[in-house]
Amino acid sequence: MNPEILNELYAGAGAALAPLLWLAAGLSAVLIADVFAGLKAVRPVLVPLTLGGAAWSAGALISDPAGAVLGGSFLADARTGAFALVFLASAALAWAQARRYYTEEAPFLGEHDALLLTAPMGMILMAGAQDLILFFVGLELLSIPLYCLSAFRRARTESVEAGLRYFVLGAFGVALFLMGAALLYTLTGSVSLEGLAAAKELLASPMGATGLALLLASLFFKAGVAPFHLWVPDVYQGAPTPIASLMATGTKAAAFAFLLRLVPALPAEAGVGLGLVAVVTMAIGNLGALGQTDLKRLFAWSGVAHAGTLLLVIAGAVAAGGTDHQEAVRNAAFSATLLYVAAYAFSAGGALGLVAWMEADGEEYRSLSRWQGLGTVRPGVAAGMTLFALSLGGIPATGGFLGKWLAFSTAVRAELVPLAVLGALTSVVALGYYLRIVVDLWMRPRPEDAAAPSAERPLAAFAAGFSAAMVLALGVAPGLLLGRLIG
Amino acid sequence: MDTAPWPWLIPAAPFLGALVCGLLHVGALRRRKADPEAAGMLAGPVAIAAMAVAFAVSLKGFLELQGGAAQVWSTRYAWIPVGEFTVEWALVIDRLSSLMTLVVTGVGLLIHVYASGYMKGDRGYAKFFAYLNLFVGMMLMLVLSANMVGTFVGWEGVGLCSYLLIGFWYEKGWPAEAAQKAFVVNRIGDAAFLLGMFLLAGVFGTLDYAGINANVATVAPEQLGLLGLAALLLFGGACGKSAQIPLFVWLPDAMAGPTPVSALIHAATMVTSGIYLVVRLNPLFASAPWVLTVIGAVGAATAFVAGSSALRQRDLKGVLAYSTVSQLGYMFLALGVGAFTSAIFHVVTHAFFKALLFLGAGSVIHGMHEEQDMHRMGGLKRHMPRTYLTFLAGASALSGLPLLSGFFSKDEILAYAFASGGVSWIFWGVGIVTAAMTATYSWRMVALVFFGEERFDAQAVHPHESPAIMTGPLMVLAVLSIGGGLLGLPPVLHVPHLLDGWLAPVVEPGKELLAAQHGGHLPHLSHAMEWVLLGLGSAIAIVCARRAFLAHRGGLASDEAFAARQPELASTLADAWGIDRAYKLLIVQPLMTGASALAALFDLALIDGAVNGIARFAGTSGERVARQADGRVAGYGVVFGGAAALLAALWMWIGA
Amino acid sequence: MPLLTLITFVPLLGAVLLALAPLKDDRALRLGALGVTLVNAVLGLLVWQGFDPAEAGLQLVESTPWFELPGAIAVNYSLGVDGISILMVALTAFLMPVVALSASGHVKQRVREFVVWLLVMETGMMGVFLASDLVLFYFFWEISLVPLYFMLGIWGGSRRLYATVKFFLYTLAGSLVMLVAAIALTYQAGTTDLARLTEWAGMQDLTMQGWLFAAFALAFAIKVPVLPFHTWLPDAHTEAPTSGSVILAGVLLKMGTYGLLRFGIAMFPMAAVEAAPLFMVLGAVGIVYGAFLAMAQTDVKRLVACSSVSHLGYVVLGMFALTTAGLRGSVLQMVNHGLSTGLLFLLIGMIYERRHSRELDAYGGIAKVMPTFAFFFVFSVLSSVGLPGLNGFVGEWMILLGSFEASPTLAAIAVTGVIFGAVYLLRATRLMLFGPVTHEENERLPDLDAREIGLLAPLCLLCVVMGVMPGPFVERTAPALDRVEARIQSAREQLELAATLHDAPAVAGEERTR
Amino acid sequence: MSVPTEQLLVLSALLFSIGVAGFFVRRNVIVVLMSIELMLNAANLAFLAGARHHASLAGEWQAEGPVMVTFVIAVAAVEAAVGLALVIAYYRRKRTVSLDQLTPTLD
């Protein structure tokens with residue numbers, strides 16, 4: 001092979017790929033440490049070290065963007081860095097939740113951690129992908145570990161079935177994506193986003209439309225946008241809770257990070273259509289969550305609704321295309337998406353983390369009824385759950401509120417006001433079930449047969465506390481956290 | 001215009017008295033744990049002293065006016081800054097309000113003295129005097145205020161006090177209901193008063209009496225209609241307070257309160273505030289003759305209906321209550337024909353003799369151990385001679401026996417009505433008939449109570465004369481009832497009409513307006529005609545009084561005979577023409593049922609049902625949505641494929 | 001001294017401290033809460049003192065950039081007080097110690113949580129009234145839902161869960177529509193500063209104003225609540241613990257009327273002029289409707305709750321009369337209603353603590369057993385029915401005067417509320433206080449104690465002061481309201497101008513066809 | 001002489017449709033996996049057809065098409081490995097490879 005080509009290909013790639021390299025090195029180290037008993041002592045620090053290093057180098061990308069590398073396939077700009085931080089945070093939360101979560105699978109935690117470190121690599125690739133090939137690689141790098149992790153509790157039918165379901169449908173989704181990409185490529189001769197954006201008029205042809213539709217379908221599937229959302233409740237429910245958390249927060253964030261990249265390739269006329277899909281998704285997600293009694297299922301449905309809100313942002317960014325404030329709206333869309341996924345990562349991640357924590361006291365804590373009156377016996381857990389629920393519901397002083405505010409701002413500025421109003425009204429429904437959680441926590445007596453929960457899990461507690469702090473910080477001083485990050 | 005702080009003393013003294021009495025009551029309640037009979041007996045003297053101060057200051061005001069001052073203004077304080085104008089706390093003593101304060105504080109003082117004896121032994125003694133003083137303070141506020149809003153304070157304030165006083169013995173239950181009724185019915189009038197006030201504020205840009213009265217004459221003709229409407233609404237307010245048709249129903253029930261209350265509120269003061277208001281705003285009313293006619297008609301009708309009802313009451317206080325309503329009708333009749341002074345004249349004399357009668361009735365009831373049914377009295381003359389004599393004086397004055405106070409004031413009204421001619425002749429006719437009825441029921445009452453055989457159980461009831469502290473005020477009032485006519489002797493006697501002269505500056509603007517409507521002169525009677533009318537009045541009073549007295553002196557035979565002869569008429573009259581029951585049936589019941597129906601059917605089922613319906617709809621559709629994710633993967637695949645195809649179609653459609 | 005920041009966040013600070021304080025004793029927690037609210041009351045007094053009555057604009061302004069995100073508008077943290085808000089701030093500061101003190105009667109369990117929510121509530125309310133940045137306002141607006149939601153849900157009556165969720169969701173539905181409108185407004189105008197937004201909004205045409213007004217007004221109408229959005233209120237009021245009811249009646253509902261005034265009328269004067277007839281009708285009908293509802297109630301707390309619907313009808317009516325007297329009266333009436341209804345709820349709470357029933361039937365003859373209670377109850381009823389000389393009258397009278405100027409017919413309908421108000425409140429009074437003692441368990445009820453009298457008396461005193469001497473209160477609001485009126489006046493002129501311009505070509509066309 | 005791009009695409013679409021149909025109607029997980037493989041290979045065919053098409057237009061081959069295909073083949077292998085592992089785990093639990101035997105998530 002021609003070394004010059006390699007030189008060209010990897011010039012400056014060190015800084016750009018540093019987060020990925022950290023993760024790759026980390027997961028190798030985890031696997032190695034898993035094999036050698038002598039390295040037992042270092043096992044616990046490997047994952048935090050890896051994630052910390054990756055986060056540090058991702059943070060470096062924000063203040064010092066590395067630009068496009070790998071022949072322009074991967075753009076390691078500030079946005080990629082910012083999203084990478086979110087992915088790493090959700091992976092870190094999932095990791096923290098997973099400690100002491102597994103019982104019979106505990107011997108295989110090394111594999112678990114290795115897979116857990118692989119997923120963010122895929123996410124980062126998706127967020128920075130500038131062409132469909134790299135995106136495809138990222139997608140698979142994300143999906144395949146998650147198939148395995150979903151089925152990680154292989155002694156349990158529900159977990160295995162969740163993995164199988166996710167896999168079968170995921171593979172189908174990937175096939176759809178590939179067919180779409182192939183059609184687009186045949187039509188335009190390019191797989192790069194730039195090339196697709198340049199050939200936008202070709203996309204209106206039946207072949208282009210079909211390609212684009214298949215592409216979006218697969219993205220919608222990953223993000224859990226209606227009507228590609230049906231797998232979400234089943235898989236979240238069956239998968240181990242930390243994994244559900246990672247899927248909810250990380251996968252969704254990655255899908256929308258790539259959708260943001262895709263925006264220039266989409267015709268402005270599609271904005272309203274996307275907005276409609278978004279509002280329908282919000283409605284379906286919120287209505288679906290309304291009657292749920294299983295917390296994981298409930299958060300799954302609620303995740304669908306949040307995907308809808310995020311899609312509304314994308315719709316706004318698309319709809320603003322061609323207008324004179326296109327740039328402003330797209331910047332807003334980026335702020336909105338980033339703040340929203342960050343707030344969502346900590347809210348939903350925090351909430352599912354608490355579920356995982358309490359599951360140590362028994363599986364029945366997956367059911368909301370078991371949480372009744374928890375405020376009197378575990379005020380800290382209950383307060384955390386309350387905060388996360390309110391943030392997911394978009395009540396102020398939490399990141400969820402500012403996320404909602406920015407999301408609707410984007411839609412309104414793209415003149416999708418009626419959709420924004422409809423979307424806003426669906427979040428009334430959302431509060432219907434978030435409040436139900438709060439009602440159960442504080443306003444109902446503790447069931448008489450419920451023993452006082454006893455599980456002490458410092459790491460999970462720390463993760464929950466950190467999430468809560470972040471939720472509040474994002475809600476009260478977003479500038480402090482994101483201003484520099486985004487600016 | 002000079003202002004001085006001292007006029008504020010007039011209402012302030014009773015207000016302060018009320019406060020002190022209230023505190024005494026609190027103290028009594030405190031002590032009650034040790035001494036169950038503690039009642040704060042110091043309240044009586046305190047309240048009386050407060051009244052004496054108020055009376056004295058009123059007298060000072062009166063003397064200032066005698067000294068030539070047209071008006072005495074109090075210091076003024078800003079109250080409600082409306083924007084276009086500011087309503088002030090301001091009192092003005094002029095000839096009208098001075099007269100009213102004298103009557104209110106004077107008669108009030110006597111009633112207080114009487115009450116200090118009457119209420120002895122009641123556990124709410126101090127509370128009673130607190131209310132009583134508060135009432136007088138409010139009444140004084142009503143008559144003294146220089147603007148309508150201040151009057152309205154007193155207006156509602158006396159309403160409140162009558163509420164509290166009527167319901168004084170609330171443990172019995174029905175007094176509380178009567179009190180509530182009084183307040184609500186008064187409020188109907190007050191609502192009209194408010195609207196009238198707003199109209200005037202719109203027309204004149206002020207609510208000062210001075211500002212309104214001075215500008216009525218110069219109001220643009222197209223606004224006269226508004227003025228008339230305002231006058232009518234204010235009269236609506238007066239109807240409530242002064243117990244005129246259709247709002248008189250509260251007064252008979254209001255007898256549930258202690259008797260001195262009836263005397264103070266329902267005879268001497270509060271009920272006359274409607275008349276006061278009309279006289280106070282006489283130019284306004286004079287500018288709308290049709291309203292005056294309405295007033296006259298209402299007054300005449302009320303006089304007749306209530307007078308006839310009084311004929312058949314068995315309750316001693318009931319007779320007096322309907323009689324009061326009837327006499328108030330008289331006063332409005334006077335106002336209706338433009339006889340403002342005469343109305344005030346009747347207010348004054350009525351205050352004397354009706355207070356006397358009520359207090360006398362109280363004395364009787366007191367002596368009879370709370371018995372009020374006249375059919376169970378009789379022959380009390382022997383047992384309570386002083387009460388009897390003073391009561392007799394009061395009844396005579398009420399029935400208009402010649403030369404007594406009621407005679408002059410009533411005949412002045414009738415003469416004025418007769419002289420006015422036209423529709424007023426009908427009023428006059430009604431007035432004459434009512435006069436006959438008045439004499440009849442008065443003497444029926446006297447006969448049933450004091451004469452004939454003793455119809456009570458002599459074993460259980462030992463009638464006794466009341467103590468001097470009660471009979472003393474009776475005597476003073478008896479003298480006033482007899483001699484009160486001196487204030488306004490008829491012109492034929494060629495002596496100055498004191499009241500006419502005194503009030504002339506007040507009613508002058510109204511009279512001028514009325515005169516202008518009648519071609520420059522006011523109704524006038526020849527001396528001969530006056531003599532004839534005086535004679536007619538005397539004759540009717542004497543004849544009816546004699547017949548009634550003779551018929552009932554013997555006992556219940558006459559009543560029973562009438563009831564047997566005319567059972568329907570008897571019950572209709574006793575029932576006050578069934579108006580109260582009709583209200584209950586036609587207004588109160590439907591209102592309450594309507595409210596319940598509204599709350600249950602419209603509010604709960606429809607409006608709230610819609611709200612809950614939305615929530616339920618969300619719930620059921622949520623269930624349907626959630627059912628889609630049932631775990632059947634193959635089905636999901638079909639949905640995904642279909643949706644992708646749909647997306648493609650959408651895309652093509654957008655592209656096309 | 002950043003007075004407004006202090007008055008807003010001192011309670012929050014207190015809440016955090018009390019939440020974490022190692023106090024085992026409920027009494028200490030209660031005292032702590034009382035202390036914090038008293039400190040805030042002193043701060044309120046300082047604000048009252050520092051407020052210049054002659055000034056129409058915002059005063060004591062504190063402003064600093066809050067956050068700015070790329071593509072999103074810059075948001076400021078800015079607080080200020082003007083004539084529209086000063087009374088509400090003062091009322092809040094004054095009422096909260098009373099509420100804190102009242103709580104020991106009915107909050108026996110989970111005291112720590114209670115005092116925390118109570119103090120958070122105060123922060124929320126202060127923030128709503130003081131925020132002079134739209135985003136900050138909305139921020140506090142929604143926050144203030146949460147504490148009451150908890151107070152209702154934890155310490156409420158038997159149907160508390162239904163009531164609290166209904167309250168939250170209903171209010172939120174309106175708020176979210178407002179959120180979208182607020183976003184549209186801020187981006188169109190390019191600022192979130194209230195003064196500049198008001199200036200901008202005033203220059204927009206009727207269509208733009210109309211849409212924005214509709215969205216804002218919906219949120220506030222639900223909060224007030226204006227007919228027909230009122231059904232959450234009786235439930236919330238009835239189920240709330242006493243302190244919750246007092247706060248709800250005293251301050252929270254006023255957030256709705258306050259919003260209608262500041263964001264409805266002042267911001268979109270043309271739309272307000274056009275919508276005024278509708279709102280006046282809703283207000284007038286609300287007065288009578290609420291009164292009728294109250295007449296039909298057998299639960300005394302629900303009765304007072306319905307009376308709130310009626311009383312707030314007055315406020316809405318007066319406000320949308322758009323006259324001097326109407327505006328002034330309605331602002332004053334917000335405070336009056338807070339005091340009178342607050343008093344009534346406190347009293348009902350006190351009797352409920354003794355007897356554990358809210359049914360009118362369960363009482364009768366209480367006046368004999370509890371004379372002090374009876375005194376305060378009758379006093380509060382009188383204040384509530386607008387007896388002249390007490391606070392209720394002044395506001396009601398000004399409102400009626402002002403609305404009479406605008407629409408005599410509606411004023412006439414509203415005046416009947418004066419009658420019906422007496423009917424239902426006196427009926428309740430009679431059934432509770434008067435008549436013989438019919439229930440044996442009522443015979444030994446203890447009368448009010450010193451604490452209870454101590455928390456009622458200041459309110460009663462204020463009722464009298466405001467009834468006799470409303471001047472100092474009105475004069476503080478007057479300049480700001482005069483400015484609102486001036487805006488309305490110019491909006492009217494603009495509308496007339498538009499109407500004549502619109503008519504002119506039509507007339508010309510007619511002539512041509514002729 | 002060479003097959004036109006259109007025909008290749010039609011063939012690809014046909015294969016893809018067969019795969020989709022298989023995915024929809026078959027319940028045996030193994031067969032479903034095979035159907036997905038078929039879809040992936042249809043995509044590969046389309047990629048290569050496109051690459052050839054654009055190569056003929058531009059006169060030289062572009063890397064994208066073949067690179068993509070290479071990745072797809074590699075990933076398909078990984079997917080197959082993971083998929084079969086999952087199927088085995090599933091079979092261990094349920095003694096069946098039918099998707100119909102998945103536990104319903106709603107009761």
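**Helix crossing in chain C**

I looked up the handedness of the crossing of α11(C) and α13(C) and found it right-handed. The model is a predicted one. Helix α11 of chain C covers residues 242-265, and helix α13 of chain C covers residues 300-321. I read that their axes come within 11 Å and cross at roughly 20°. Angles under 35 degrees count as roughly parallel, so I noted α11(C) as roughly parallel to α13(C).

Next I listed the residues where the two helices meet. From α11(C) I wrote down C:Ala249, C:Leu253, C:Thr257, C:Leu260, C:Leu261 and C:Ile265. Facing them in α13(C) I have C:Ser308, C:Leu312, C:Val315, C:Val316 and C:Met319. By class, I put nine of the residues in this contact down as nonpolar, two as polar and none as charged.

**Chain pairs**

I then went through the chains. Five pairs of chains touch, and the pair with the most contacts is B and C. For chains C and D I found no contact; their closest C-alpha atoms lie 27 Å apart.

Chain B gives 39 residues to it and chain C gives 42. I sorted the side of chain B that touches chain C into 24 nonpolar, seven polar and eight charged residues.

**Domains of chain B**

I looked up the domain assignment of chain B, which gives domain 1 as 1-145, domain 2 as 147-574 and domain 3 as 577-621. Between the centres of domain 1 and domain 2 of chain B, taken over C-alpha atoms, I have 24 Å. Their contact takes 38 residues from domain 1 of chain B and 48 residues from domain 2 of chain B.

For the side of domain 1 of chain B that touches domain 2, I noted β4 (86-89), α3 (95-118) and α4 (125-144) as the elements that give two or more residues. On this side α3(B) has the largest share, with 16 residues. I classed the residues of the side of domain 1 of chain B that touches domain 2 as 29 nonpolar, five polar and four charged.

Note on methods:
Residues numbered from 1 in each chain as written. Chains lettered and ligands numbered in written order. Predicted model: local features only at pLDDT ≥ 70, side-chain atom pairs only at ≥ 80, totals over all residues. Axes fitted to C-alpha atoms, helices over the stretch in contact; angles between N-to-C directions. Helix = DSSP H or I, 4+ residues; strand = E, 2+ residues; numbered from the N terminus. Parallel < 35°, antiparallel > 145°, perpendicular 65-115°, else oblique. Left-handed = near helix turned anticlockwise from the far one by under 90°. Contact = placed C-beta atoms within 7 Å. Nonpolar A, V, L, I, M, F, W, Y, C, P; charged D, E, K, R; others polar. Domains from an automatic or database assignment.
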